[in-house]
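Me: I would like to go through this model step by step. Could you put it up so that we can start with the aromatic contacts?

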Amino acid sequence: MKRVLYSFLALLFTPYVLASEMPLNMTKGVTDISGQVYNLHMIILYICCAIGVVVFGVMIYSMINHRKSKGAVAANFHESTKVEIAWTIAPFIILILMAIPATKTLIAMEDPSDADITIKITGSQWKWHYSYFDQDIEFFSLLSTPREQIEGTEEKGENYLLEVDKPLVLPINKKVRFLMTSEDVIHSWWVPAFAVKKDANPGFINEAWTRIDIPGTYRGQCAELCGKDHGFMPIVVEALSQADFDIWVAEQKNQASAAAAEAQASLSKSLSMDELMAQGEQVYMSRCAACHQPNGMGLPGVFPPMKGSPITTGPLTDHLEMVINGKVGTAMQAFGKQLTAQEIAAVITYERNAWDNNTGDTVQAADVSQHGQ
């Protein structure tokens, strides 16, 4: 009997003891909330395992000890009030025991009050825009995996499709409040290590929060099917100590000042066709090729082609207007705040002369600035 009891206890406790070694099990994460979610997950798993052991144990015992060959005779009764009360009350008690920790965790997850930092996260096809409140810092975060890896002409890197040009940078041990929205369709900002997953809906603001305990780099993805390049919309968060975060903030402000000065200086520069085409190709591949394709042919019925397009071969003012201000009601975004005047000038020049468009037009940063006034 003792051997049976020991075997039963071993079977009962094995899933919980070995949970951290299970590669497919939920991870603990690096925040208090993610730890609470993990513990809640293990409690529910533990209860389910216990129920399974009891139910299947009773079934196996009954089949072995109440079989016909042993002379067992089935009882003849219609109903049992005691049994019905028992199988109603027992699940009710189990559900209450599960609901108490679940409710506490859910309440904690939905409490963004008393935050130290507030960041607005805006999703769009297919990038994230981060704005730091009270810091005057904002930037777009785009996939940085080389297109050669995506197309299979190069070996895939360690963080394939989970790397960006500008990660979201946060300090550890600070409560960070997220305000999430979208410019077009529904996206979902999801970082498993934080136990944060919140939809970004156009026209609405959703709230979430986190407090990171351990410095490091944490990766996530858009978790809502948001269109053709849904799988190319990663999230990268760098968690730094407060001192390093303060240094990063100062660097960002210095870079913003330098970029503003460079943008102002570019208004008086005139680049050659070759220089504009080289820069324009880089901008096009990183910002436009996802929709209009690297060969400029677009996707029929979804995204219009650039080759021979009325926009890229027609009046220059229409082309400038489209790139700078976008087109309402379509996936064409306004790039006036996403790109510098020089970058817009370069990509328009590229689009008007690539793929046999050959208009011969060159656009300078001053032309972009004048159009936007």
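Me: How many aromatic pairs are found in the whole structure?
Reply: A search of the whole structure gives 11 aromatic pairs. Rings of Phe, Tyr and Trp (its six-membered ring) pair if their centres lie within 6.5 Å; planes under 30 degrees apart count as stacked, over 60 as edge-to-face and the rest as tilted. For Tyr-132 and Phe-139 the ring centres are 6.2 Å apart and the planes stand at 35 degrees, so this pair is tilted.

Me: What kind of model is this, and how are residues numbered?
Reply: This is a predicted model, in which local features need pLDDT of at least 70 and side-chain atom pairs count only at pLDDT 80 or more, while totals for chains, interfaces and linings use all residues. Residues are numbered from 1 along each chain as its sequence is written, and side-chain values use heavy atoms, with hydrogens and water left out.

Me: What about Phe-245 and Trp-248?
Reply: Phe-245 and Trp-248 form a stacked pair, at 5.8 Å centre to centre with 25 degrees between the planes. They lie three residues apart, about one turn, in helix H5 (residues 242-266). Helices (H or I, at least four residues) and strands (E, at least two) are DSSP runs, numbered from the N terminus. An α-helix has 3.6 residues a turn, so residues three or four places apart point the same way. Phe-245 and Trp-248 are both buried.

Me: Which residues form the aromatic cluster?
Reply: Tyr-130, Tyr-132, Phe-139, Phe-245 and Trp-248 form one aromatic cluster.

Me: Which lysine sits over the ring of Trp-126?
Reply: The charged end of Lys-228 does, 5.8 Å from the ring centre of Trp-126. The criterion is NZ of Lys or CZ of Arg within 6 Å of the ring centre and within 35 degrees of the ring normal. Lys-175 likewise lies over the face of Trp-209, at 4.4 Å from the ring centre.

Me: What joins Gln-125 and Trp-126?
Reply: A cis peptide bond joins Gln-125 and Trp-126, with omega about -5 degrees. Trp-126 lies in the loop between strand E1 (117-124) and strand E2 (127-132). Most residues other than glycine have a negative phi, and most peptide bonds are trans.

Me: Where is Gln-293, and what is its phi?
Reply: Gln-293 is in the loop between helix H7 (289-292) and helix H8 (310-313). Its phi is positive, near 75 degrees.

Me: Changing topic: how many salt bridges are there?
Reply: The count comes to four salt bridges, each being a side-chain nitrogen of Lys or Arg within 4 Å of a carboxyl oxygen of Asp or Glu. One of them joins Glu-110 and Lys-198, with the closest N and O atoms 3.3 Å apart. That pair links distant parts of the chain, 88 residues apart: Glu-110 is in the loop between helix H3 (81-109) and E1, and Lys-198 is in strand E7 (residues 196-200). Glu-110 is partly exposed, with a relative accessible area of 49%, whereas Lys-198 counts as buried at 17%.

Me: Which residue does Arg-177 meet in a salt bridge?
Reply: Arg-177 meets Glu-207 (2.5 Å, N to O). Arg-177 lies in strand E5 (residues 176-182) and Glu-207 in strand E8 (residues 206-210), so the pair ties together parts 30 residues apart in sequence.

Me: And Asp-361, which residue is its partner?
Reply: Asp-361 forms a salt bridge with Arg-352, the closest N and O atoms being 2.9 Å apart. Asp-361 is partly exposed at 25% relative accessible area, while Arg-352 is buried at 2%.

Me: Arg-352 is listed in H10. Why is H10 described as largely enclosed?
Reply: Of the 13 residues of H10, 11 are buried, so the helix is largely enclosed by the rest of the structure. Among those buried residues are Ile-344, Tyr-350 and Arg-352.

Me: What follows just after H10?
Reply: Just after H10, Trp-355 takes a positive phi of about 55 degrees. Trp-355 counts as buried, at 16% relative accessibility.

Note on methods: Buried < 20%, exposed > 50% of the residue type's maximum accessible area, 1.4 Å probe, protein only.
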